[in-house]
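The sequence and structure come first, and my entries come after.

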Amino acid sequence: MPDICLMGGTFDPIHYGHLVVAEEVRQRFHLDKVVFIPAGKPPHKRNQTISDAQHRVNMTRLATSSNPYFEVSTIEVDRQGFSYTVDTVDQLRRSFQVDKIYFITGADAVLEILTWKDVEKLLSMTNFIAATRPGYDLNNLKETLKSLPDPFIKKILPLEVPALSISSSDIRRRVREGRSFKYLLPESVEKYIYKNNIYKNNIYVSS
Ligand code: ATP
Ligand code: MG
């Protein structure tokens, strides 16, 4: 049975930080597939303006199209109401008929899992991979994990990946201020942003 990995995110926009982490995890864990899942309505970003789902899906497709192991799922943007990871994992596990499922998060986001809906059920279905991200100390994370109940510790694997100090919020800020954001994301996505005039006029609450 195939082993697959899910990477959830707002992807507003997707950038090389996401892509490097996904490719590294794929290779290190010998995975058959990495599925990028642009978030529908993330409950933890409810006070934040997010771009149109269609734009985020299109940009994610453009950014991943050259990697045969990467694919994009619209499962969350197609769903009504808030998106909960536990429901997404459950649905995808059934539809892909997979044995093992991994879920990638950045080291900054991994501890949020503990506040997510049905965390115990979620951890029983999937292993989380917490990838390093500049500004977040992996050793601190390892220390914090030690204080969690045993079953949780085993399900969250900290992982060192080539660090890229790139964030979607910084890219949005650059676009808004008319600064260059070249080389932070694939050229096809850069062109898409210019062509569709995304991030130019929106006021974002910083995250
Ligand atoms: P924003 O600045 O809007 O929060 P972001 O760059 O954090 O955007 P998200 O879509 O929020 O991107 O992130 C999706 C997932 O990718 C999260 O688990 C996040 O921790 C991880 N991630 C994002 N950027 C990086 C990066 N540069 N290195 C490692 N992980 C990252
Ligand atoms: Mg983020």
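**Ground rules.** I am reading a predicted model, in which local features need pLDDT of at least 70 and side-chain atom pairs count only at pLDDT 80 or more, while totals for chains, interfaces and linings use all residues. Residues are numbered from 1 along each chain as its sequence is written, chains are lettered from A and ligands numbered from 1 in the order in which they are written, and side-chain values use heavy atoms, with hydrogens and water left out.

**Strand β1.** I began with β1, residues 3-9, and noted that 5 of its 7 residues are buried (under 20% relative accessible area, with exposed meaning over 50% and partly exposed in between, for a 1.4 Å probe and protein chains only). Strands and helices here are DSSP runs numbered from the N terminus, E of at least two residues for strands and H or I of at least four for helices. Two strands pair if DSSP finds at least two bridges between them; β1 has 5 bridges to β4 (residues 100-106), running parallel, and 6 to β2 (residues 33-38), also parallel. I found G9 bridged to P38 of β2. From β1 the chain passes through helix α1 (residues 16-28) to β2 in a right-handed crossover, a word used when, with the strands pointing away from the viewer, the path from the first strand over the helix to the second runs clockwise.

**Ligand 1.** Which residues are closest to ligand 1? I listed G106, D108, L164, S168 and S169, out of 23 that surround ligand 1 (each with a heavy atom within 4 Å). β1, α1, β4 and α7 (168-176) each supply at least two residues of this shell. For polar contacts (pairs of N or O atoms within 3.5 Å), I noted a backbone N or O atom of T10 at 2.9 Å from a ligand oxygen atom, and one of L164 at 2.9 Å from a ligand nitrogen atom. Taken alone, ligand 1 exposes 600 Å², of which the protein buries 92% (Shrake-Rupley method, 1.4 Å probe).

**Backbone angles.** Most residues other than glycine have a negative phi, and most peptide bonds are trans. F11 has a positive phi of about 50° and lies in the loop between β1 and α1. Is F11 buried or exposed? F11 counts as buried because its relative accessibility is 2%. Y183 also has a positive phi, near 70°, whereas its relative accessible area of 68% makes Y183 exposed.

Definitions and conventions
A polar contact is a pair of N or O atoms within 3.5 Å; within protein, one must be able to donate a hydrogen and the other to accept it, and residues adjacent in sequence count only if both atoms are side-chain atoms.
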